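This report describes one protein for a reader who has not seen it before. Please look over the sequence and the structure before reading on.

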Amino acid sequence: MKNYETVFILNPVLSETQVKETVSKFEDYLTSKGAEIVAKEDWGLKKLAYEIQNKKSGFYHLMEFKVEGEILIGLETEFRRDERVMRFLTVTLDKHAISWAERRREKLKTKAN
């Protein structure tokens with residue numbers, strides 16, 4: 001199993017409930033395929049660098065997970081089929097990226113407390 005990180009942007013016209021449902025849909029998809037969710041982050045509503053689908057902002061979400069590589073094809077198909085998703089990007093994390101992500105999460109925990 002490899003480590004992956006996906007960032008996706010959801011349509012800004014969605015309600016908070018719809019955003020949570022969408023995020024849990026993708027999380028449920030991954031766990032049903034045997035993935036281990038390492039971390040999830042809700043970055044909230046952010047202004048986009050450029051317009052996407054005539055929208056100037058979007059809800060950003062990050063998911064870090066461990067899964068077999070062939071599962072990603074299905075995940076990306078689900079992202080493409082869902083009209084609420086404006087953009088997504090999935091990257092493989094190497095050992096340096098994994099340690100950086102762990103340090104970043106620790107830093108966020110200390111800021112929150």
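The sections below go from the overall fold to single residues.

## Basis of the description

This is a predicted model, in which local features need pLDDT of at least 70, side-chain atom pairs count only at pLDDT 80 or more, and totals for chains, interfaces and linings use all residues. Residues are numbered from 1 along each chain as its sequence is written, and side-chain values use heavy atoms, with hydrogens and water left out.

## Overall fold

The protein has three helices and four strands; helices (H or I, at least four residues) and strands (E, at least two) are DSSP runs, numbered from the N terminus. Along the sequence their order is β-α-β-β-α-β-α.

Along the principal axes, the C-alpha atoms fill a box of roughly 40 × 35 × 25 Å.

Of the contacts (heavy atoms within 4.5 Å) with a separation of 6 or more, 76% join residues 24 or more positions apart.

## Burial

Of the 113 residues, 40% are buried. Buried means under 20% relative accessible area, exposed over 50%, and partly exposed in between, with a 1.4 Å probe and protein chains only.

E5 lies in strand β1, residues 2-10. E5 is buried but has no salt bridge, and R104, the nearest side chain of opposite charge, is 4.1 Å away. A salt bridge needs a side-chain nitrogen of Lys or Arg within 4 Å of a carboxyl oxygen of Asp or Glu; Lys and Arg count as positive and Asp and Glu as negative, while His and the chain ends are not counted. Leaving aside neighbours within four places in sequence, the contacts of E5 include R104, L62, M63 and E64.

E27 is in helix α1, residues 16-32. E27 counts as buried because its relative accessibility is 19%. With residues up to four places away in sequence not counted, E27 touches I37, K40 and M63.

## The loop between β2 and β3

Q53 lies in the loop between β2 (36-52) and β3 (55-67), and N54 is also placed in the loop between β2 and β3. Q53 is not a glycine, yet its phi is positive, about 55°. N54, also a residue other than glycine, has a positive phi near 60°.

Q53 counts as partly exposed because its relative accessibility is 45%. N54, at 69%, counts as exposed.
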